[in-house]
Amino acid sequence: KLTKKELKLQSKQYFKRQFRLIVRNLPYKISENKLREYFQQFGNLEEINILKRNDGKLLGCAFLQYAEQKGAKKAIAEANDKLFDGRKISVSEAVDKEKYKKKIKDEKIKTEDDVKSENSDDDDDDKKDVFVDKKPKIKKEHSNEVAEGRTVFVKNLPLDTEEDEVQEVFAQFGKIENAFINREKISQHSKGTAFVIFERKESAEICLKQNRRLKIENHELEIVNALSRKEIEMKEKLKNENQSKDSRNLYLAKEGLIMAGSEAAKGVSQSDMALRLRLERQNAQILKNLSRFISRERLTIHNLPEQYDNVELRNMVKQHTGFNPKECRVMCENKPSPGAPSGKSRGYGFLSFKTHEVALKVLRKLNNNPAVFSRSKRPIVAFSIEDKKVHNIKTKRLEKSLLNNPTYQKKLEKIKAKKLEKKLKKKQIKKVDEFSDFVSFNKAKTESNKIVKVQKKERQRNLNKDLSDFAGEVSKTGVTGVRNFRKIKHQAAQHYERIKGEKKAAKKLKQHKENLKNKASRLKNVVKSNKKERPQVNDDKYFTETINKYKKIMSHLTTNTQKSKWYVE
């Protein structure tokens, strides 16, 4: 049986529970101060308890404890089904847990006590407060949502949006089964896209009609039907087949890139990495202009020493690569300066070669090579960006000059003669009546083509074999090498952290070596002290002392030269 005190406490608690309210559909970024400001106008609030998950995120639900019944009734009358902070909230009386269980057995029930409330005084009251999870977990059968047409793919999302916000926006079209944002594997940063799975196909169809009408933080959302993996693969194949040739050679932008965290980035100084990223950013900005393209035979070389001129650059290229460049130019300032009458070096230059293969080999041998200048200042080599208009003017000028050159005209005549010979041979082959000869010729032709193909493949493999650890990334045809600004931005910070780690590791190694040396020296001293050695007498000192004594004696004898008499008179 309960005592009088316990009965009194129960009655007080029951009386107070009549003034306790539950508020649903609250914004996920709501604060206690905002809630208090709004609901304080209806009556005196004793307690506010905002429900949270285990990870600290809000559930969009809160319990309010009023001091009087008037305040609670007024809040229900005036705040229920009204807009609060852009959302329609529902305000009702908090029901006892046991009563609610009797009414609804199938739905999941979550008590207020399950989530740790901030500064809660009455633990017994919290145990009885109840919150119904709107999305009960049901054992779901394996079904293909994409084939059923219930999934939607959302583009152009702000990068700081989360799954809860996406669910809030798309809940107006129907019940949502799941919503998840696509993230990068390593950094877990949002890619700006998401998948939303509805419970019904009709709600997905209504959602698709609102394409480019919905907004999140002034970002127009692009809503598209989600595709299966097979459909995406088919699309990519068709793209690759129908894709026009990369006339601007954008794939070469990736050649020689030093990625933070890669083996090539080991030992690269912070200043070098910053310069690399700045140049990459500039190039990406320049390539937005469609009249610019990446040359296949011309290279740019940055980070040159101040004293370098055209001759020294040529000699350096010959020494380290074994190739003689067709063009070799160090860019200088227009104004002469002391020690540089032709102008001070700008720290970069251009190299051009006869073929693309030679240019590629030179790039892979020179780029980021610590043996060329120094370990802290390495050459930055890349394919140069050219202007189409300027390039066309240059080629026309060359053609004109070559036509005026008599030696070149002779070469042209020889080339024309060779072409004519080839044409005549082809005509003769066509006129051959014997079928056996024709078949044998075809066989020989196919065999020669096979040999050529094998040789080409071997060449490519050999190029990749020559790659050293410092060379950087390798370009691939069909893949654009221009990186996004956001990706470039994070590279500098990542490399700085790596340098910090390397320095710490080097310090630890030094300390370890010093400690080992100190231990060894201490052991030697201990061994020496244990051995009882005789004190070493300086023989030279002893010898000199005896000689000095003898000299004194001799000098005393020489002073008394008079002989004394042996008798007494």
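Guide: Happy to! Two strands count as paired if DSSP finds at least two bridges between them, and the strands (E, at least two residues) and helices (H or I, at least four residues) are DSSP runs numbered from the N terminus. This is a predicted model, in which local features need pLDDT of at least 70, side-chain atom pairs count only at pLDDT 80 or more, and totals for chains, interfaces and linings use all residues. Residues are numbered from 1 along each chain as its sequence is written, and side-chain values use heavy atoms, with hydrogens and water left out.

Now to the sheet: it is open, with 4 strands in the order β9-β10-β8-β13 and antiparallel pairing. β9 (176-183) and β13 (222-225) are the edge strands; each has a single partner strand, so one side of each lacks a neighbour in the sheet. On average, neighbouring strands are turned by 25 degrees against each other, direction ignored.

Strand β10 (residues 190-198) runs antiparallel to β9 and is joined to it by 6 bridges. Within this pair, Asn178 stands opposite Ile197 of β10.

Next, the helices. α7 (residues 163-170) lies across β8 (151-155), β9, β10 and β13, and runs at about 135 degrees to β9; such angles run from 0 to 180 degrees between N-to-C directions, with axes fitted to C-alpha atoms, for helices over the stretch in contact. Helix α8 (residues 201-209) also packs on the sheet, where it touches β8, β10 and β13, contact meaning heavy atoms within 4.5 Å. The direction of α8 makes about 135 degrees with that of β13.
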